[in-house]
Amino acid sequence: ETYLKYLEVFLQFKPHEINLDINDEAVLGYQQFSQKLSEEIFPKFKRRLESIVYKPLCILVESLEGPQNLIKKRLDKLLDYEKIQEKISESGDVTYEEKDVMNTYKAINTLLISELPKCCEIATQLLIQILQSFAVCQRDASEDVQKVANGYIAELPHSHLPETQFWTVIEDMLQSYDCKLGNYRKTFEATVVPSPVSQADSPESQRRIQSLKTKFGPERLFLVTSDITGNKDLDLSVKRGDIVAVIQEGDTKGNKLRWLVDAEGRRGYVS
């Protein structure tokens, strides 16, 4: 069941639907290949997996509930049986109800001794068949992917290159994109991310911050990175560099963009 859940998550990712604004034939080839896998190969694998692996496995689990309950019942009766046996060894006399308890335990125990090995053998055989079916599913899915890939390989770039040269090209591309990503990050941090704000070290400021930590806990404290001016009733104006404690992430009307905060004794909403 967990495997199927992860498979569902995997199938939700559809890279071919992402618009890259690139009309290169190579990119279109990769998109077509991804679409073929996402819409045909992987759903087919999931359907077979549910049909010949998951459902038989569920039936096997349900069929084992009866023997499991019988084993539990035997364990419950065993304590009473042992007590009655002690009583017999001491006094040699038992009541009709106690005899019935003993007979019930003996019947359950005899049934388990005679039938449980057969049940385990059949369950083991079924489990082996299910595991074999799972292996077949994966093998067939791999073959289907290979067949689809073979149809696109000739159209994909670098398909004609020897393996060593191919990996050299890939490493160069990754290094190039890593450099571009690093430059983009630096530009983003320089233009979008606010610079750190130095906090006042006055005893009064430290006392207020400590008070907020005590009331709400350090995990609820946040640093204001830009000035915020309240425009509505119950709104709070705070300045860049202030420390606030988040009391509630949302207002009374369910607006998650307005947070109720405590700014060193002043309370109100910020957004």
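This is a predicted model: local features need pLDDT of at least 70, side-chain atom pairs count only at pLDDT 80 or more; totals for chains, interfaces and linings use all residues.
A residue counts as partly exposed when its relative accessible area falls between the buried limit, under 20%, and the exposed limit, over 50%. C179, with a relative accessible area of 47%, is therefore partly exposed.

The cysteines can be taken together. A disulfide requires a pair of cysteine sulfur atoms within 2.5 Å, and by this rule the count is zero. C58 is in no disulfide, since the nearest cysteine sulfur, that of C137, is 14 Å away. Like C179, C58 is partly exposed, because its relative accessibility is 28%. In general terms, a disulfide is a covalent bond between the sulfur atoms of two cysteines.

C137 is a member of the largest nonpolar core, which has 11 residues. Leaving aside residues up to four places away in sequence, C137 touches F45, R48, L49, I52 and V53. A second, separate core has eight residues, including V224, L236, V246 and V261.

The whole structure holds 12 salt bridges. One of them joins K46 to E8, with the closest N and O atoms 2.9 Å apart. K46 lies in helix α2 (residues 25-63) and E8 in helix α1 (residues 2-12), so this pair ties together parts that are 38 residues apart in sequence. K46 counts as buried because its relative accessibility is 13%, whereas E8 is partly exposed, with a relative accessible area of 36%. E8 and K46 are also linked with E50 in a network of salt bridges.

A further salt bridge, between the side chains of R48 and D140, has an N to O distance of 2.6 Å. This pair links distant parts of the chain, R48 being in helix α2 and D140 in helix α4 (residues 96-153), 92 residues apart. R48 is partly exposed at 27% relative accessible area, while D140 is buried at 16%. R139 is partly exposed, with a relative accessible area of 47%.

Strand β3 (residues 259-263) and strand β4 (residues 266-270) run antiparallel and are joined by five bridges. Within this pairing, D262 has R267 in β4 as its bridge partner. The hairpin of β3 and β4 has two residues between the strands, and in this hairpin E264 takes a positive phi near 55 degrees. V261, named above as part of the second core, falls within the residue range of β3. In a regular strand, side chains alternate between the two faces of the sheet.

Definitions and conventions:
Residues are numbered from 1 along each chain as its sequence is written. Side-chain values use heavy atoms; hydrogens and water are left out. A salt bridge is a side-chain nitrogen of Lys or Arg within 4 Å of a carboxyl oxygen of Asp or Glu. Helices (H or I, at least four residues) and strands (E, at least two) are DSSP runs, numbered from the N terminus. Buried means under 20% relative accessible area, exposed over 50%, partly exposed in between (1.4 Å probe, protein chains only). A nonpolar core is a set of buried Ala, Val, Leu, Ile, Met, Phe, Trp, Tyr and Cys residues joined through side-chain atoms within 4.5 Å. Contact means heavy atoms within 4.5 Å. Two strands pair if DSSP finds at least two bridges between them.
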